Amino acid sequence: MKAISRLNFAHLPTPIEELPKLSSILNGPRIFVKRDDQTGLAFGGNKTRKLEFLIAEAREQGADLLISGGAMQSNHCRQTAAAAARFGFECKLVLTGEKPKQASANLLLDQLFGAEIITVEDRAYRDHILQKTFDDALAAGKKPYLVPYCGSSPTGALGYAFAMEELMKQLADFRSLKDFGSLDWIVFGTSSGGTHAGLALGQRVFGFKGSVLGISIDESEDDLKNHVSALASQASEKLGERINFTRDDVLANDKYCQAGYGVFGEGEREAINLFARREGLLLDPVYTGRAAAGMIDLIRKGFFKKDETVLFWHTGGQPALFADKYAGEVIR
């Protein structure tokens, strides 16, 4: 395998925990959780794994400024701002939405880490403003590095290819220590595709025999299959040899995202409350809340067999619980 530049700052390996009360109340399969909300950087989350590779690439290119974008409560931008502070980069974030009078949750943390916030009200103009911010920085003599949305590039996807290697080693330990059996399913939230593509690549490279199912947060199943397969193929080249992925290599479910990105509903509310009250585990209102809602509904519909084992990959995002937009919606 080709040598790849990486900065090791995530708290790895993240733990795996069983959720027996959730399994019992749902009368479903055995459920475990992989705690990537504990990756360590700025309250953790899945973007930290990606940033280990992206920040290394930015350093190699001689960058002094990180530029990225996302929603006003972007978990990715929070972790990017923290990485910039830790490794001595300036940081500019292009965030969609109206900037509130009082910052809270992820936006408050962005500012605490010293990021410059540029707002754009209409998401349709975000790419234009992002590119203009990059071009203006170049013209001013800076050396900017554009961190892709959610870290979802071939470089960023490597974070989850190697996360699969980490998981395989943990599963070997689990089987030797307890009555674990086989892991049949990995379930997680998918949107920009970087985590999804990395897991698909890691599944192929490191020999995971189970199924990897992404619950869509905001994209159609068709788009996810196209994008994730292409991104996994591109990421494989960075390992030294191209692996061609097809649409059939990607499992995705888009039945739980029809309300739209960041729209909080009964499914998310139930999932967040079930995880909190039965297992003492916090989910976020946008990603893990929706992904868990999908998993819960699929369990109730018998999609997963009772004798199977399901791993819910927790991708973090809990600071969004404290955003004004969601704080009053979580408990009713």
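Predicted model: local features only at pLDDT ≥ 70, side-chain atom pairs only at ≥ 80, totals over all residues.
Residues are numbered from 1 along each chain as its sequence is written, and side-chain values use heavy atoms, with hydrogens and water left out.

View 1. Helices (H or I, at least four residues) and strands (E, at least two) are DSSP runs, numbered from the N terminus. Strand E10 comprises residues 309-314, and six of its six residues are buried (buried means under 20% relative accessible area, exposed over 50% and partly exposed in between, with a 1.4 Å probe and protein chains only). Thr309, Leu311 and Trp313 lie on one side, Val310, Phe312 and His314 on the other, and both faces are covered. Strand E2 (residues 30-35) runs parallel to E10 and is joined to it by six bridges; strand E7 (residues 185-190) is also parallel to E10, through three bridges. Two strands pair if DSSP finds at least two bridges between them. Phe312 stands opposite Val33 and opposite Val187.

**View 2. The buried face of helix H5.** The buried residues of H5 are Arg126, Leu130, Thr133, Phe134 and Ala137. Seen down the helix axis, these residues fall within an arc of 95 degrees, so they line one face of H5; the arc is that of the directions from the axis to the C-beta atoms. They pack against strands E3 (65-71), E4, E5 (116-120) and E6 (144-146). The face turned away from the buried side carries the exposed residues His128 and Ala139. Just after H5, Gly141 takes a positive phi of about 90 degrees.

View 3. Thr133 belongs to helix H5 (residues 126-139) and is buried because its relative accessibility is 8%. Its side chain reaches the backbone oxygen of Ile129 at 2.7 Å. Beyond its neighbours within four places in sequence, Thr133 is in contact (heavy atoms within 4.5 Å) with Ile67, Lys92, Val94 and Ile118. Thr96 lies in strand E4 (residues 90-96) and counts as buried at 15% relative accessibility. The side chains of Thr96 and Arg126 make a polar contact at 3.0 Å (a pair of N or O atoms within 3.5 Å; within protein, one must be able to donate a hydrogen and the other to accept it, and residues adjacent in sequence count only if both atoms are side-chain atoms).

**View 4. Edge-to-face aromatic pairs.** Rings of Phe, Tyr and Trp (its six-membered ring) pair if their centres lie within 6.5 Å; planes under 30 degrees apart count as stacked, over 60 as edge-to-face and the rest as tilted. By this rule the count comes to 10 aromatic pairs. The rings of Trp185 and Phe304 have centres 5.3 Å apart and planes at 75 degrees, so this pair is edge-to-face. Trp185 lies in strand E7 and Phe304 in the loop between helix H10 (288-300) and E10, so the pair ties together parts that are 119 residues apart in sequence. Both Trp185 and Phe304 are buried. Tyr261 and Tyr287 form another edge-to-face pair, 5.9 Å centre to centre with 75 degrees between the planes. Tyr261 counts as partly exposed at 30% relative accessibility, whereas Tyr287 is buried, with a relative accessible area of 14%.
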